[in-house]
Amino acid sequence: MLHEFSIYVPSNEINEVTDLLNAAGIYNLYYESPIEIIKVQNGYGYEEKEDQLVELKIYASDQEVDHLPEAYYPLLEATLSISRDDITYKTYDETNWEQSYEFEDIDLGNGWIIKYPSSEQEYDDKHVLKFDPLAAFGTGLHETTQGCLRMVLNKELTGKSVLDLGTGSGMLAIAASLKGADKVVAVDYEEVARELYHNAELNDLTNDLQVVQADLITGDYEINEYYDLILINIGANETISIIERHNLLKNSDDFFISGLVEWHLDDLNNVFAKGGFSIEEKSQTNEWVSIHFKRD
C-alpha cells in the first residue's frame, strides 16, 4: 500500500519545510514549484509566484515503513508543528498505482529507444534500452533525464568506470552499462537497488553494477576513487554542494551534469572553470540544460 500525506505550505517556506522533513528521515516528497516560465532576451527565465500556498505531498510505502499511517502522523506533527487536521491522507494500491501508467516508447533520436514493458514493438534497426519504472520518479520522460541520457549513449564507455550520483531509478547507470562500462557505481539517498538490479536483468547486463544508499551532502559516505566519467542529474545547487562536500573534481576529468535550469548555470560554470574544466558539449530542451564538462 502506498500512503500519501498532503499539507499546504507557504511558497516562501517550502525549502525550510523540506529540509526539516529530510532531517527527520522523510525523503519521498513532491510539489510543483510556484514559478512561471517566461521568455527573456537570452532564452528562458522565471518569475516566482509569491504569497502562494504549495501542496506538498509526502509518500510512504508499507514495504518500507511499518504501522502506517499512524507511524507518520506524530512524526509530521512534531517535525512541522502542525495538527492532524492540517494533513490530508489517502492510499493507493501500489501495484495498481504503478501499472495504471502506460508509457509510450521514446525514440531519443540518436539510434536508441527507451522501451517499456507494455510495448510489443520490435526495433530491428535501433538500439534498445529496456526500462521498467517501478518507482514514481525517474521514468525517462523528463527533459533532464533525456538530455543526459543522449550524452551517455553517444559516448564510448567500453572498459570504463562510471559514478552515477543521485541515480534515482538508475536509467543513466543502465545506459552507461549498455555502452560497455566495466564498473558502474550508482548512489542515491533512497533504497533503489531493487529498481536498478531489476532493470539490469531486463537488459541482460553482466558488468560490475554497484548500488549504494547514502546521503551525499550530509552523510558519512566518501568518494575516494577516480572514475572515467561522473554523472550528476540532480540540480545546480545540489551539484555544487556535492562537489564541495567531496572535493569531487579530483575524482574525474569528465562530468555529465544535468537537472539544470539555465538561470542557475553561472555558479556551476564558475566552479568547474576554477577546477580547470571547460564545456565540451551543451544541450538544451526548453529551459532544461545538460552539460559535458571536460578538464582542459
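A: Let's begin with exposure: a residue is buried under 20% relative accessible area, exposed over 50% and partly exposed in between (1.4 Å probe, protein chains only). This is a predicted model, where local features need pLDDT of at least 70 and side-chain atom pairs pLDDT 80 or more, while totals for chains, interfaces and linings use all residues. Residues are numbered from 1 along each chain as its sequence is written, and side-chain values use heavy atoms, leaving out hydrogens and water.

Now to the rings. Those of Phe, Tyr and Trp (its six-membered ring) pair if their centres lie within 6.5 Å; planes under 30 degrees apart are stacked, over 60 edge-to-face, and the rest tilted. By this rule there are nine aromatic pairs. One of them joins phenylalanine 5 and tyrosine 73 edge-to-face, with 5.6 Å centre to centre and 90° between the planes. Phenylalanine 5 belongs to strand β1 (residues 2–10) and tyrosine 73 to helix α2 (residues 73–80), so this pair links distant parts of the chain, 68 residues apart. Here helices (H or I, at least four residues) and strands (E, at least two) are DSSP runs numbered from the N terminus. Phenylalanine 5 is buried, because its relative accessibility is 0%, and tyrosine 73 is buried too, at 9%. Ring pairs also gather Phe5, Tyr72, Tyr73 and Tyr89 into a cluster.

Another pair, tyrosine 27 with tyrosine 189, is tilted: 4.7 Å separates the centres and the planes make 40°. Tyrosine 27 sits in the loop between α1 (14–23) and β2 (29–30), and tyrosine 189 in the loop between β11 and α6 (193–202), 162 residues apart. Tyrosine 27 counts as partly exposed because its relative accessible area is 27%; tyrosine 189 is also partly exposed, at 40%.

The strand β11 leads us to an open sheet of seven strands, ordered β12-β11-β10-β13-β14-β16-β15 with mixed pairing. (Two strands pair if DSSP finds at least two bridges between them.) Its edge strands, β12 (208–213) and β15 (277–285), each pair on one side only. On average, neighbouring strands of the sheet are turned by 15° against each other, direction ignored; axes are lines fitted to C-alpha atoms, for helices over the stretch in contact, and angles run from 0 to 180 degrees between N-to-C directions. Helix α5 (residues 171–178) lies across β10 (161–165), β11 (183–188), β12 and β13 (229–233), at about 180° to β11, where contact means heavy atoms within 4.5 Å.

Just after α8, glycine 276 takes a positive phi of about 90°.
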